[in-house]
Amino acid sequence: MKLQVDQLEIGYAKPKLAYAEKLKIETGKLIGVIGVNGSGKSTLLNSLQGSLKVISGNIYIKHKPIQSYAKHELAKLISIVKSQAEISGALKVQEIISLGRQPYTDWLGRLSSVDQQKVDDALNLLEVKDLKNRYFNKLSDGQKQRVMIARAFAQDTPFILLDEPVTHLDLYHQAIVFDLLKNISHQKNKAVVFSSHQINELLDICDDLIIIMDGKIMQNSVENWLQNDQLNHLFTSDNIKFDKETKRFRLL
Amino acid sequence: MLGLILMFLINISLGSVDIDLLDTIRILAGSEVVKDSHQYIVLEYRLPKALSAVVVGCGLSISGLLMQTLFRNPLAGPYVLGLSSGGSLGVALLIMGSSLFGGSFAIMAQSKYAVILSASLGSFLVLLLVVASLWRVRNTMALLIIGLMMASFTSAIVSVLSYFTTADNLQQYVFWSMGSLGRLNWDDLIIITGLLIIGVLVCVGLLKKLNAFLLGEDYAESMGVNTKKTRFLMIAITGLLAGSITAFAGPIAFIGLTVPHLARQLFNTGNHFVLLPAILLIGSLIMLLCETFSQLPGSAYMLPINAVTSFIGAPVVIWLILKKQNLIF
């Protein structure tokens with residue numbers, strides 16, 4: 001399945017924050033979103049999800065504009081993981097992940113056997129099964145992040161959008177989360193789009209990179225990005241250079 | 001549930017006139033009467049009062065739960081929408097303002113229904129102002145602050161009025177502001193029970209969405225919840241319940257804030273499917289308990305109900321915080 005973007009202008013008000021000529025987000029791909037602070041990463045993710053009105057242009061899923069989907073239909077197509085959210089501490093991990101099934105359950109929110117299976121799958125895949133009876137406010141940051149990804153996974157949507165999923169995590173937990181995202185996209189055939197500042201790691205693990213630079217949103221495969229020179233201009237500072245040999249940004 | 005029935009009976013059997021528990025049950029059951037005066041006291045005074053306690057307890061608890069879920073803040077309660085402060089302002093203007101304007105106002109101020117009407121109007125207007133600010137601010141935390149500021153502002157007006165009014169009027173206002181369940185007769189009771197039933201039914205329809213709200217509005221929206229509509233309904237129910245209760249019984253503090261926390265602690269969950277029945281039960285129980293205390297069993301004196309609920313509510317909140325080192329929504 002594909003999510004396509006055509007001549008999109010995004011931002012909270014005019015003038016626009018950034019412009020995308022074309023974007024193509026396909027299931028089975030891990031796509032990183034990169035840009036300096038304030039460049040519009042979150043704005044892009046919110047726009048793609050449909051929670052933020054775009055200034056102009058269109059976002060299509062299955063060739064249908066996302067505004068034409070009802071809320072509960074869209075909830076079966078796109079799930080999100082926020083960078084910061086105040087989650088009720090009175091909920092258990094299992095309850096939070098079960099909430100991901102809301103688009104599929106009846107008005108009482110009862111889980112069918114299929115729903116239960118999806119919740120179990122999410123608990124297993126994100127390795128949070130041992131935590132399932134713990135309360136959310138008793139978890140570490142790394143555990144919380146995994147639980148919220150598990151919730152999105154349980155929602156079973158072809159598209160998962162994550163806003164800076166590793167920002168508050170140490171290197172070890174960053175590696176775990178990146179690995180999980182890769183698994184979800186490649187093995188579970190989902191389009192996983194996530195923003196991050198860990199640019200070096202993204203070059204290693206992602207299939208595509210969406211880079212927001214000077215108000216332009218550009219998508220390319222990682223190989224193509226490595227071949228052209230644009231990465232060098234990502235940061236305006238002379239102190240940061242991209243080294244093609246090691247595929248690494250360096251502080252000079 | 002059993003405790004609730006027992007508490008209900010105990011509440012009815014206690015009061016300034018000594019009627020024993022068995023007699024009370026006999027009167028309620030409609031069997032042969034020992035004393036006509038006892039029957040009158042039980043059926044026309046104590047029974048509506050006890051039922052009012054149940055309805056008020058339920059209504060305020062629902063309002064509190066909805067506000068805590070909406071604002072995702074453990075300290076939210078019906079008052080954040082400015083309902084009780086608006087009601088107080090309305091009544092203050094009627095009772096104390098009437099002496100300033102004189103004339104027909106002063107006569108009107110004596111009528112019970114004028115008080116109810118002005119309290120409703122006051123609550124409604126302040127609620128309207130708070131909701132109108134929803135158009136401008138999307139942030140619920142900002143709305144919480146607006147509600148609190150509105151409360152300070154109205155209480156300032158009330159202070160000014162109190163300063164200039166006569167002692168008699170001030171006393172009348174202070175009496176109202178202490179709240180009383182004894183003011184409700186059967187007709188009033190039917191009105192607020194009807195509103196409570198509407199509130200509970202809408203709430204039942206919202207339960208699934210309320211659970212989604214526990215993750216925040218963005219997550220709720222992404223799971224297919226129409227957050228605008230849900231938020232509107234939550235505010236509407238709270239306005240309806242807390243507003244009408246303030247109008248009929250005066251301001252009653254702490255029930256809306258405390259009961260949802262007690263339910264969360266007792267049942268160890270934030271799941272609204274568990275919390276709704278739990279707060280209805282706990283809310284009625286606590287309100288009956290407060291009402292029983294306020295009658296000062298064995299004496300002819302009455303304590304103001306608003307003071308009793310604070311007496312019990314405030315220490316309970318402190319106790320919960322000390323026990324859990326935290327309050328969660």
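Predicted model: local features only at pLDDT ≥ 70, side-chain atom pairs only at ≥ 80, totals over all residues.
Start with chain B. Chain B holds 14 helices and 0 strands. Read from the N terminus, its elements run α-α-α-α-α-α-α-α-α-α-α-α-α-α. Its C-alpha trace spans about 65 × 50 × 35 Å along the principal axes. The radius of gyration is 20 Å; a compact globule of 329 residues would come near 20 Å, so the two agree. Burial comes next. Of the 329 residues in chain B, 51% count as buried. Contacts across the sequence also matter here: among those in chain B with a separation of 6 or more, 76% join residues 24 or more positions apart.

Now look at how helices pack. Two packed helices are described by the angle between their axes and the distance between the axes. Take helix α3 of chain B, residues 36-71, and helix α9 of chain B, residues 186-213. Their axes come within 10 Å and cross at roughly 30°. Angles under 35 degrees count as roughly parallel, so α3(B) is roughly parallel to α9(B). The crossing of α3(B) past α9(B) is left-handed.

Which residues of α3(B) and α9(B) meet? The α3(B) side includes B:Pro48, B:Leu51, B:Val55, B:Cys58, B:Ile62 and B:Leu70. Facing them, the α9(B) side includes B:Trp186, B:Leu189, B:Ile192, B:Leu196, B:Val200, B:Cys203 and B:Phe213.

Helix α3(B) has another partner. Helix α2 of chain B, residues 21-29, packs with α3(B) at an angle of about 75°, with the axes 10 Å apart. Angles of 65 to 115 degrees count as roughly perpendicular, and α2(B) and α3(B) are therefore roughly perpendicular to each other. On α2(B), the residues are B:Asp23, B:Thr24, B:Ile27 and B:Leu28. They meet B:His38, B:Gln39, B:Val42 and B:Leu43 in α3(B). This contact of α2(B) with α3(B) has 4 nonpolar, 3 polar and 1 charged.

Finally, turn to the two chains together. In chain A, 26 residues are in contact with 20 residues of chain B. Three elements of chain A each supply at least two residues to the side that touches chain B: α2 (71-74), β6 (78-81) and α3 (93-99). That side of chain A has 12 nonpolar, 10 polar and 4 charged residues.

Terms used:
Residues numbered from 1 in each chain as written. Chains lettered and ligands numbered in written order. Contact = placed C-beta atoms within 7 Å. Helix = DSSP H or I, 4+ residues; strand = E, 2+ residues; numbered from the N terminus. Nonpolar A, V, L, I, M, F, W, Y, C, P; charged D, E, K, R; others polar. Axes fitted to C-alpha atoms, helices over the stretch in contact; angles between N-to-C directions. Parallel < 35°, antiparallel > 145°, perpendicular 65-115°, else oblique. Left-handed = near helix turned anticlockwise from the far one by under 90°. Rg over C-alpha atoms; globule rule 2.2 N^0.38 Å. Buried ≥ 20, exposed ≤ 12 C-beta atoms within 10 Å, placed from the backbone.
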